[in-house]
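Biologist: Please show me the model. I would like to ask what stands behind the terms used for it.

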Amino acid sequence: MFPIINIFGFKVASYGLINLIAFAVGIITACFRAKKYEISPEQEFLMLVHALIGAIVGGKLLYLISKLGEIWDYKAIIFKNMNNFTAYMEGGFVFYGGLIGGLTAAFMYCRYYKKPAIRMIEISVPSIPLMHGIGRIGCFMAGCCYGIPTKSKLSVIYTNSIAAPNGIPFFPVQLLEAGVNFILFILLMVYAKKWRKPYKMLGLYLVLYSIERFFLEFLRGDSIRGIYGGMSLSQWLSLFIVLPIGMLLFSSRHLKSKMQ
């Protein structure tokens, strides 16, 4: 589509710009909601900045873990010079790694500064699918995270993509995932209108997103994250880690009834 866009004479990578917009919108939304829960918007902002750093590190780390076999096979090329190493490190990210890294960083920030971790994190939960949905539009424009080849009239053909093979009709799964994430954002905002016990919001998000991701992966055409036993890494994580944890958080009765 449009991996590079021209803004007032400056060439800007659409993926980076749209993700920057996504982060800004998500952070503003969370900070606005913070007032309702008697949390300082400034503290919410600082927590989210730390969470963003954790998300970047976690997403890259899980991607590299998923590519350990490839790194070992091509180590002579990858580590031959700094340019090869840099090019490889600029590869993909795994969303689940970013989610884990972001939540971990947020918890660490709150614990270190003695802030109400669960309350502050759950305030920002609806912002996650909002940012993710906007970010997927960036993926669509850049051509990454592309869909399966299709003969459908809904297909998209890239001509100057930096990630997807050009000249082949693909299903625009990025736009579908963006739409589903926007619906998830709305559902979470409606759910948040009433006071909920701790972990309910986070648990509901993990349950719904893991189901969403599991089925949408069947429409993904890129195998950058690896395929194991006929399913992608994200599908395995959805089934055996994220979905069970989400169900536990959402349904558990032994968790504290008041926000910490």
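Modeller: Two strands pair if DSSP finds at least two bridges between them; strands (E, at least two residues) and helices (H or I, at least four) are DSSP runs, numbered from the N terminus. The model is predicted, so local features need pLDDT of at least 70 and side-chain atom pairs count only at pLDDT 80 or more, while totals for chains, interfaces and linings use all residues. Residues are numbered from 1 along each chain as its sequence is written, and side-chain values use heavy atoms, with hydrogens and water left out.

Biologist: How do you know that strand β1 and strand β2 pair?

Modeller: β1 (residues 4-7) and β2 (residues 10-13) are joined by 4 bridges, and the rule asks for at least two, so they pair. The two strands run antiparallel. I7 has F10 of β2 as its bridge partner, and N6 has K11.

Biologist: Why are helix α10 and helix α11 called roughly antiparallel?

Modeller: α10 (residues 200-216) and α11 (residues 233-251) pack at about 155 degrees, with axes 7 Å apart. The axes are lines fitted to C-alpha atoms over the stretch in contact, and the angle, from 0 to 180 degrees, is between N-to-C directions. Under 35 degrees counts as roughly parallel, over 145 as roughly antiparallel, 65 to 115 as roughly perpendicular and the rest as oblique. α10 and α11 are therefore roughly antiparallel. Their crossing is left-handed (the near helix is turned anticlockwise from the far one by less than a right angle; clockwise would be right-handed).

Biologist: Which residues meet there, and of what class?

Modeller: Contact means heavy atoms within 4.5 Å. Among the residues that meet are L204, V207 and I211 in α10 and L239, V242 and F250 in α11. This contact has 13 nonpolar, 7 polar and 2 charged residues (Ala, Val, Leu, Ile, Met, Phe, Trp, Tyr, Cys and Pro are nonpolar; Asp, Glu, Lys and Arg charged; the others, Gly among them, polar).

Biologist: Why is the pair of Y96 and Y209 called edge-to-face?

Modeller: Rings of Phe, Tyr and Trp (its six-membered ring) pair if their centres lie within 6.5 Å; planes under 30 degrees apart are stacked, over 60 edge-to-face and the rest tilted. The whole structure has 12 aromatic pairs. The rings of Y96 and Y209 have centres 5.7 Å apart and planes at 80 degrees, so this pair is edge-to-face. Y96 lies in α6 (residues 95-112) and Y209 in α10, so the pair ties together parts 113 residues apart in sequence.
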